[in-house]
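Visitor: I am new to this one. Please show me the chain, and then I will ask about it.

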Amino acid sequence: MQFETNTFPKTIDNSALSSLMRDVLFALVPGIAVMVWYFGWGIVTNLVLATVFALSLEAIMLVIRGRPVVAFLTDYSAVITAWLLALSIPAFAPWWLLLVGIFFAIVIAKHLYGGLGYNPFNPAMVGFAVLLVSFPVEMVNWFSPISNSMASVGLAESLQLVFAGGSADLNQSQNPVLWDAMTMATPLDTIKTGLTMDKSILDITQGEAQKTFGRIAGAGWEWVSLAYLVGGFWLMYRKVISWHIPITLLVVLTSISSIFWLYDPQTYNSPLFHLFAGGTMLGAFFIATDPISASTTPLGKIVFAACIAFFIYLIRVWGSGYPDGVAFSVLVMNMAVPLIDYYTRPQVFGANNE
């Protein structure tokens, strides 16, 4: 009797992988929609440019390595890397910034380690970390969601800003809002800067600044995080990701921040702020859950996520220079994955307990 199979034993069907990757892209859509509303058309420009750059570099590397181009391009892994990086940088970042980030993500962090399935680090976070360290000025020019709501800068002006570096050349007769008034530091950065000047949380967030900080964690930012939370729960419902990493990360981050907030609420931010500010939700559901660079055992995922949450809080509160910490926390724990998986391997059924 002869058995015929479509794929080799223990080989992942490319169509199944593509389906999972598409689900991740669909889950990002609510967050993308909210980001476009608050931060403008530059988000769309980022996504399109990042996708084009990622697919182009992916194809070039596949040809160089002698791998089937179409099969790997259609698994959507490069697109996910591109979208995660595009959503992590300012909306009106110059085009070359995206190209540099995508190059390090696709060529260095992915293909130089052997391609999909062999990369020890999350490619999107490698690209983000390189940009943040190399180009800190360009990485902090976030568009103010208060002055925008898709109204003050149109699509044509967005393209001018991205391709012409047009912040200084922006036609003031068409858009009287000055660039300095249009851009702002993130709430996390504002809090950290204020605390270094011996101000209390109340002093930093009240008055005119209250418009910037919104109800919980920054005007616009809190709604973006809520949209990512919805997309993340949809991924868990679809069983694309398990609960271990995102829920553990959020619970541990909430626990740590609650302890310090209850101890001194004028020096330490509330748990809600840490949950809905910055890249917490994006990191918990879409970045830390990367099946290649994250831990694979059930207990290992919990340890992996708990340590990420610890490092996020450590960098946000006591770190210098980098107010968020999601990318660096994930990369640090990516290095520890082999050790975590080794010591958290489930016992083989029928193995001798002696």
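Visitor: What is the average pLDDT of the chain?
Guide: This is a predicted model, so confidence comes first. Of the residues, 80% score at least 70. The chain's average pLDDT is 83.

Visitor: Over residues 166–181, how many contacts beyond four places in sequence does the model have?
Guide: In this stretch the pLDDT stays under 50. Where pLDDT is low, the predicted coordinates should not be read in detail. With that caution, the number of contacts the model has there is 22.

Visitor: How many salt bridges are there?
Guide: A pair counts when a side-chain nitrogen of Lys or Arg is within 4 Å of a carboxyl oxygen of Asp or Glu. D23 with R238 is one of the pairs, at 3.2 Å from N to O. The count is 3.

Visitor: How many residues apart in sequence are the parts that D23 and R238 tie together?
Guide: D23 sits in helix 1, residues 14–39. R238 sits in the loop between helix 12 (221–237) and helix 13 (244–263). The pair therefore ties together parts whose separation in sequence is 215 residues.

Visitor: Is D23 buried or exposed?
Guide: The cut-off for buried is under 20% relative accessible area. D23 has 7%. D23 itself is buried.

Visitor: Which residue forms a salt bridge with E58?
Guide: E58 lies in helix 2, residues 42–65. Its partner is in the loop between helix 5 (95–108) and helix 6 (123–134). The closest N and O atoms are 2.9 Å apart, and the partner is K110.

Visitor: What is the relative accessible area of D324?
Guide: D324 forms a salt bridge with R316, with the closest N and O atoms 2.8 Å apart. R316 is buried, at 5%. D324 is partly exposed, and its relative accessible area is 21%.

Visitor: At what angle do helix 4 and helix 6 pack?
Guide: Helix 4 covers residues 77–86. Its crossing with helix 6 is right-handed. The two axes are 8 Å apart, and the angle is about 35°.

Visitor: How many nonpolar residues are in the contact of helix 4 with helix 6?
Guide: From helix 4 come T81, L84 and L85. They meet P123, A124, G127, F128 and L131 in helix 6. By class, 2 are polar and no residues are charged. The number of nonpolar residues is 6.

Note on methods. Residues are numbered from 1 along each chain as its sequence is written. Side-chain values use heavy atoms; hydrogens and water are left out. Helices (H or I, at least four residues) and strands (E, at least two) are DSSP runs, numbered from the N terminus. Buried means under 20% relative accessible area, exposed over 50%, partly exposed in between (1.4 Å probe, protein chains only). Axes are lines fitted to C-alpha atoms, for helices over the stretch in contact, and angles run from 0 to 180 degrees between N-to-C directions. A crossing is left-handed if the near helix is turned anticlockwise from the far one by less than a right angle, and right-handed if clockwise. Contact means heavy atoms within 4.5 Å. Ala, Val, Leu, Ile, Met, Phe, Trp, Tyr, Cys and Pro count as nonpolar, Asp, Glu, Lys and Arg as charged, and the others, Gly among them, as polar. pLDDT is the predictor's confidence in each residue, from 0 to 100.
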